[in-house]
Amino acid sequence: MLKLLEKIFEGILWRSRWMVILAVIFSLFAALSLFIVASVEIYEPIKHLYENHFHITSEEHGFLVGAIISAIDLYLIATVLIIFSLGLYELFISKIDEAEGEGHSKLLAIHSLDDLKGKLGRVVLMVLIVTFFKYSIHIKYETPIETLYLAAGVLMLALALYFSHKDH
C-alpha cells in the first residue's frame, strides 16, 4: 500500500513539471508582443523620414536615433524571453528535436540551468549596454565631472563585457 502511494505521488510530482509550459507559452507571447512593438517603434520614425525626403531637423535626428535604440532594447528583451522559453522547455519538458538536427545553430542549445543562466546573463548585459547608450545620448554634458562619469560608465561596461566573455 505504501509503495502504491509513493508511486502515485511520484507520478503526480513528475507530471507537475508541465506547469512550466505556462511560462514557456506566455514568455513566447510576450516576446512576440515586444517584437511587434519594437517594429512599430522603428517603423513610425522611418516613415516620417521617408515622408520628409530624408530632410530632418537635429531634434528629429535625435528622436530617430532614440527610437531605433529603444527598439533594439525591446528586441533584446524579446530575445531574452525566447531564450528563457526554450531553456525552460528543454530543461523541464523535453529536448527540442529540431534544435539537435544537422545545420541548426547550437546557439540556443541549453543542457543545464547554468547554460540557461549564462545565455540569459549575456543578453541581459547587452540590454543594459543598449539602455546605457540610449540614456547617454540624451544627456547634456556640461561639466567635466559629467563627462568623467560617462567615461567611468563606459569603462564599467567594457569590464563587464570582458569578464562575461573571459571563459570563452
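## Close-up views of a predicted model

The structure holds 1 salt bridge (a Lys or Arg side-chain nitrogen within 4 Å of an Asp or Glu carboxyl oxygen). This is a predicted model: local features need pLDDT of at least 70, side-chain atom pairs count only at pLDDT 80 or more, and totals for chains, interfaces and linings use all residues. Residues are numbered from 1 along each chain as its sequence is written, and side-chain values use heavy atoms, without hydrogens and water.

**View A. Lys3 pairs with Glu6 in a salt bridge.** The closest N and O atoms are 4.0 Å apart. Lys3 is exposed, at 63% relative accessible area, whereas Glu6 is partly exposed at 38%. Here, buried means under 20%, exposed over 50%, and partly exposed in between (1.4 Å probe, protein chains only).

**View B. Met1, Leu2, Leu4, Leu5, Ile8 and Ile12 make a nonpolar surface patch.** The patch covers about 690 Å². Its members have over 30% relative accessible area and no salt bridge, with nonpolar side chains joined within 5 Å. Ile12 lies in helix 1 (residues 2-15). Ile12 is exposed, with a relative accessible area of 55%.

**View C. Helix 5 (residues 113-136) crosses helix 6 (residues 144-165).** Their axes, lines fitted to C-alpha atoms over the stretch in contact, come within 11 Å. The crossing angle is roughly 165°, on a scale from 0 to 180 degrees between N-to-C directions. The two helices are therefore roughly antiparallel (over 145 degrees).

Terms used:
Patches are made of residues with over 30% relative accessible area and no salt bridge: like charges are joined within 9 Å, nonpolar side chains (Val, Leu, Ile, Met, Phe, Trp, Tyr) within 5 Å. Accessible areas come from the Shrake-Rupley method with a 1.4 Å probe; for residues, only the protein chains shown count as cover. Helices (H or I, at least four residues) and strands (E, at least two) are DSSP runs, numbered from the N terminus. Angles under 35 degrees count as roughly parallel, over 145 as roughly antiparallel, 65 to 115 as roughly perpendicular and the rest as oblique.
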